[in-house]
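Here are my notes for you to read with the model open. Find each residue as it comes up and take your time.

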Amino acid sequence: MARRDFPRRSEPERGASRRSQGPQEPSFLRRWLRRLFVWGTAFTLLGALALAVAVFITERSLPSYDKMKTSQSGQTIVVRASDGSEIVTLGPSYGRWVPYERIPETLKDAMISVEDRRFREHWGVDPIGIVRSVMVRIQSGHWRQGGSTITQQLARNIFLNNSRTFDRKIREALLAMAIEQKFSKDQVLELYLNKVYFGGGAYGIDSAARKFFGHSGEQLSLGEAAIIAGLVKAPSHYSPTADAKAAVDRAKVVVQTMQEAGKITPAQAAAVDLKGVKLAAEQGQNSARYFTDWVLPQLDLLLPDNDQPIEVWTTLDPTAQRAATEAIQANVPKGSQGALVSLDRDGAVLAMIGGTDYVTSNYNRAVNAVRQPGSAWKLFVYLAALEAGYTPDAKVVDEPVTIDGWSPRNSGGTYAGPIDVRSAFAYSKNTVAAQLGNEVGFGAVAQMARRFGITTPINTLPSMVLGSSDVRVIDMVRAFAAVQAKGSAVTPYGIRKITSTEGEVLYSHRQDPAQQLVPTYVAAGITDLLQSAVSIGTGRAAQIGRPVAGKTGTTSSNKDGWFLGFSSGITTGVWMGRDDAHPVPGLQGGTAPARAFAAYMKVATAKRPPEKFDTDLKLPQWQLEPDDEVMQANPDGYFYADPNGNIVEPGAQGGAQNRVPGADVAAPDGEQGIPVPDGAPAAAGDDFLNRATGRQADPARPRPRPSPSPKPN
């Protein structure tokens, strides 16, 4: 192939060609820069549009202002005493809502100065504040300033948690912008100041002001406002009740910040006396917490589905509670514990002490501990005897006895011989109680205890008549309260009503229908015995200068000491002993417990008139004239218990489940005894009746033999 020669270009021509290509490079860069600008603008517009849509949707989903005001992060329960005073507040405390126009200007200025100086300029999120926070982070090496605005903090407090995740910060910012779109700046600040957490369970300025300064949030001085505003950064660290110096130092920073922001003058800043700010005294919640620990679990039954803030109005009498605390602490033996329960005549708990100090031991011995009652149990023995036919004047014999191998002995080991029932009870004669229990039947005594409200297991061994079965303090007090109520059942209760924070009544206590446990003459007889025990017997230390009826109780080796009694409509029980059940030297029911009872009752009954006890025995005709009236029904019409402890109403008809225990008594030689009509108490054997009436005992019936070596009990 022939070679073709092309003409070669000269250097000037090649230079001209390169110069002709030069303008093409700037054109290429401009083209890409233009594309980046267009795409960047488009993405920015799309992002802004997406943000606007997200803010709009979030704004539409926000609750109304009224709902935002009422939203809370947990249920608040305010427990009040019978006089309306506050015992304790559980859960977050929000206080009263303070409208924007009534919030002190000093507090508004302090909060904005220290938490969000550009609050009035930004739209929920402050980019300048974020940049400043980042710069401080770069300079110091760690986060020293937060970039969150007041609106962001409000969004976090109401809708989010305190996690530090990036996702939470994005949602927080979105919510803050939506809040700013829906509400005014004044509304946002009002919500914030009534919602922010200040420590100690206090949410909002009113709750914080009342907790730390003892007055409303509408009455804050500049120094108080500086202390409160300084708490938001770290409530637990700067709390004035936890660390007063830290709170004052933080408040100084707030005052300085307010001066820099132009909210106060240098002269005003210098005049602030932060150390002179008076803090409210901490309210004592010691002994009353035993009572609140008992009543508050009952809310699950009274208001099972409620999760709104409520106020629980209780029966606790502050004066009585203080007197009970002092009485226990002043009389309990060293190294021992004490418990006290006091009931009004309708069952309202006036005072409850579960131990000597709630802080060191919150175990409630008044309602949870079970201990042997000792001779206080004789209440049920003598109730059963009186119901079976005994009277306070009936003759008994205080002598050594042995029952099924068990030989009780009296305190001191002496025996009085023939005495009346009243004296035997007053001086707490163990041998007489054993004989009475044996006569009426230990099962009958157990049924009587069940009838009067004893909920713990009861044994039917002979020794049970001296209180060998464990009981609770509150159950024993309930039993004695029923005696004071002339044989009518009394149910302890501690809540009178429950209301909302606006005053709406959600629950109101209703008295149980009257339930007569024993005839009134039986109640009168046992009251006679109880009064004698205080007047002349083992309970003399419980005298208070007005009629008192009661009974002491002491267990073996002085492990437990009891006194239970009533006067002027108030029934009170006191227990003392050690939690480990070790002996307490010198502890007897008639010593420290009786003295504590007297000290308390003098205060509790001070504003009540003395009441004379009804001890007249108005016996029914069927008991006075058994030959003529035995077939008549009991005119008093009271409730009985079947062998299983179930209450049988008067006049009930039907089968065996409605029969009175012991209605059919076996006669000698296997003959069927005279049937006792429904409505009459269980009949006793001939030997029992002979002893009760003083007639000659049946020689064919074996008598308990004296023990050759009585053992103490």
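This is a predicted model: local features need pLDDT of at least 70, side-chain atom pairs count only at pLDDT 80 or more; totals for chains, interfaces and linings use all residues.

1. Residues are numbered from 1 along each chain as its sequence is written, and side-chain values use heavy atoms, with hydrogens and water left out.

2. Start with strand E1, residues 77-80. (Strands, E, are DSSP runs of at least two residues and helices, H or I, of at least four, numbered from the N terminus.) Both of E1's faces are covered: Ile-77 and Val-79 on one side, and Val-78 and Arg-80 on the other, are all buried. Buried means under 20% relative accessible area, with a 1.4 Å probe and protein chains only.

3. Who are E1's partners? Strand E5 (residues 310-314) pairs with E1 in the parallel sense over four bridges, while strand E2 (residues 86-90) runs antiparallel to E1, also joined by four bridges. Two strands pair if DSSP finds at least two bridges between them. E1 and E2 form a hairpin with five residues between them, and Gly-84 in the turn has a positive phi of about 90°.

4. Now the largest nonpolar core, which has 87 residues; Trp-377, Phe-380, Tyr-382, Phe-452 and Ile-526 touch the most other members. A nonpolar core is a set of buried Ala, Val, Leu, Ile, Met, Phe, Trp, Tyr and Cys residues joined through side-chain atoms within 4.5 Å. A second, separate core of 54 residues includes Ile-112, Ala-155, Leu-175 and Leu-191.

5. Arg-451 lies in helix H20 (residues 442-451) and is buried, with a relative accessible area of 11%. Its side chain is joined to that of Glu-387 by a polar contact of 2.8 Å. (A polar contact is a pair of N or O atoms within 3.5 Å; within protein, one must be able to donate a hydrogen and the other to accept it, and residues adjacent in sequence count only if both atoms are side-chain atoms.)

6. Most residues other than glycine have a negative phi. Ser-428, however, has a positive phi of about 50°, and Ser-568 one of about 55°. Ser-428 is in the loop between helices H18 (421-426) and H19 (430-440), and Ser-568 in the loop between strands E13 (560-567) and E14 (570-577). Ser-428 counts as buried because its relative accessibility is 10%; Ser-568 counts as buried at 1%.

Methods: Buried means under 20% relative accessible area, exposed over 50%, partly exposed in between (1.4 Å probe, protein chains only).
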